[in-house]
Amino acid sequence: MPPSLPLVEAISQRVDRFTAQRRDEAAELGPEALTFLDHAAASLQGGKRLRARFCWWAWRGVAGQNAADEDAVVGAAAALEVFQAAALVHDDLIDNSDTRRGRPSAHRALEAGHRGAGWAGDAEAYGRAGSVLLGDLLVAWSDDLLEESLAALHPASAAIARAEYARMRRDVTAGQFLDIAEESAWSTAPDDTLADRALRVASYKSARYSVQQPLVIGGALAGGDEATLAALRAFGHPLGMAFQLRDDVLGVFGDQAETGKPAGDDLREGKRTALVAYARAVLAPDERSRFDELLGDGGMADADIAWLRERITSTGALDRVERLIVDYAAEADAALNAARLDAEAAAELRSLARAAVQRRA
């Protein structure tokens with residue numbers, strides 16, 4: 001059964017208890033440190049808790065209906081949400097994003113706090129430096145919460161879950177670097193390799209840590225054998241790819257009221273996604289030249305955003321990515337059907353998969 005509280009609420013409450021404990025410990029550091037921790041706590045609010053839910057239901061699918069250790073698994077799932085917050089803080093800084101979930105991004109909130117306090121120095125530089133440290137703090141917190149949770153589990157299961165968690169951290173860090181590198185390196189790569197390069201970024205930056213590894217960690221927490229973990233990987237990776245490709249579509253065509261990010265934000269940031277690669281592959285040379293000049297221009301006008309969107313649509317790039325999403329989702333569904341999981345948990349995972357692929361934010 002799920003925890004006594006609804007799962008998302010149980011995870012959020014676990015995160016809140018953990019952050020409150022960390023704040024109490026920091027009281028002697030003074031008001032500036034407490035404000036810093038308040039920003040960390042704010043970054044953990046909201047969101048769909050998708051990674052935690054994938055972890056929980058994978059655990060439940062392997063462990064069965066009479067599984068024990070629910071509190072420990074909720075804690076481990078909550079640790080994934082803390083890590084997600086860390087990744088978003090760093091991601092927003094790298095991308096110069098002003099907003100996150102409809103609120104100021106962490107570096108902008110820190111910058112505003114500096115100005116509001118009337119402090120000396122460069123408020124923007126303070127915000128950027130503070131957000132680096134804020135993301136680092138959240139990574140440390142995620143490790144702390146994970147270890148606290150693993151202590152209540154069988155040592156063998158805890159060791160495998162710990163190793164998979166470490167792999168997730170390495171993959172997403174390398175993937176994030178591949179993402180920023182691709183914004184420059186694409187210019188020296190053959191055009192016919194750009195789509196595959198974009199999909200590689202999607203795999204390492206997002207698919208593995210958003211879906212695949214939370215599932216595998218959940219299975220490991222339940223003591224799943226290698227065949228079971230392999231089945232969860234076979235389900236999680238294509239679903240994660242579909243999830244990221246949907247994110248790419250929303251980054252270009254999403255409604256700001258639903259995504260909490262400015263319309264066309266990925267175009268202003270210069271993201272070299274599969275959408276971009278597929279569009280460039282069939283553009284005429286003069287249009288391709290303009291496309292490349294506009295992409296990544298943070299100050300481009302709405303009319304330029306509209307022009308880029310129209311080219312992505314008219315070249316068939318959007319349709320091609322939508323077909324790829326459908327194919328990845330079908331691959332994931334077939335893998336889930338073949339996995340030996342508790343029926344109730346498999347149904348919940350199937351519902352989560354649909355939500356991940358069909359979401360509008």
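The model is predicted, so local features are used only at pLDDT of at least 70 and side-chain atom pairs only at pLDDT 80 or more, while totals for chains, interfaces and linings take in all residues. Residues are numbered from 1 along each chain as its sequence is written, and side-chain values rest on heavy atoms, with hydrogens and water left out.

Starting with the overall picture, the protein holds 16 helices and two strands (DSSP runs numbered from the N terminus, with H or I and at least four residues for helices, E and at least two for strands). Its radius of gyration is 21 Å, close to the 21 Å that the globule rule gives for 361 residues, so the protein is as compact as a globular protein of that length. Here the radius is taken over C-alpha atoms, and the rule is 2.2 Å times the number of residues to the power 0.38. The C-alpha trace spans about 65 × 60 × 35 Å along the principal axes.

Of the 361 residues, 52% count as buried, meaning under 20% relative accessible area, with exposed being over 50% and partly exposed in between (1.4 Å probe, protein chains only).

Next comes the inside. The largest nonpolar core has 106 residues, and Leu138, Leu221, Phe235, Phe291, Ile312 and Leu349 touch the most other members. Such a core is a set of buried Ala, Val, Leu, Ile, Met, Phe, Trp, Tyr and Cys residues joined through side-chain atoms within 4.5 Å. Helix H4 (residues 70-95) supplies the largest share of this core, 14 residues. Leucine 349, not counting residues up to four places away in sequence, touches Phe54, Trp57, Ala58, Leu215, Phe235, Leu336 and Leu341.

Helix H4 also carries alanine 86, which counts as buried because its relative accessibility is 1%. Leaving aside neighbours within four places in sequence, alanine 86 is in contact with Gly135, Leu138 and Val139.

Helix H12 (residues 274-282) is mostly covered, with seven of its nine residues buried. Those buried residues are Ala274, Leu275, Val276, Ala277, Tyr278, Ala279 and Arg280. They pack against helices H8 (194-221), H9 (226-253), H13 (285-294), H14 (302-314) and H15 (317-338).

Serine 157, in helix H7 (residues 155-185), is another covered residue: it counts as buried because its relative accessibility is 13%. Beyond its neighbours within four places in sequence, serine 157 is in contact with Ala220, Leu221 and Gly223.

Finally, there are two loop residues to look at. Most residues other than glycine have a negative phi. Asparagine 96, however, has a positive phi of about 55° although it is not a glycine. It is found in the loop between H4 and strand S1 (99-100) and is partly exposed, with a relative accessible area of 45%. Arginine 101 likewise has a positive phi, near 55°. This arginine lies in the loop between S1 and strand S2 (103-104), and at a relative accessible area of 33% arginine 101 is partly exposed.

Technical notes
Contact means heavy atoms within 4.5 Å.
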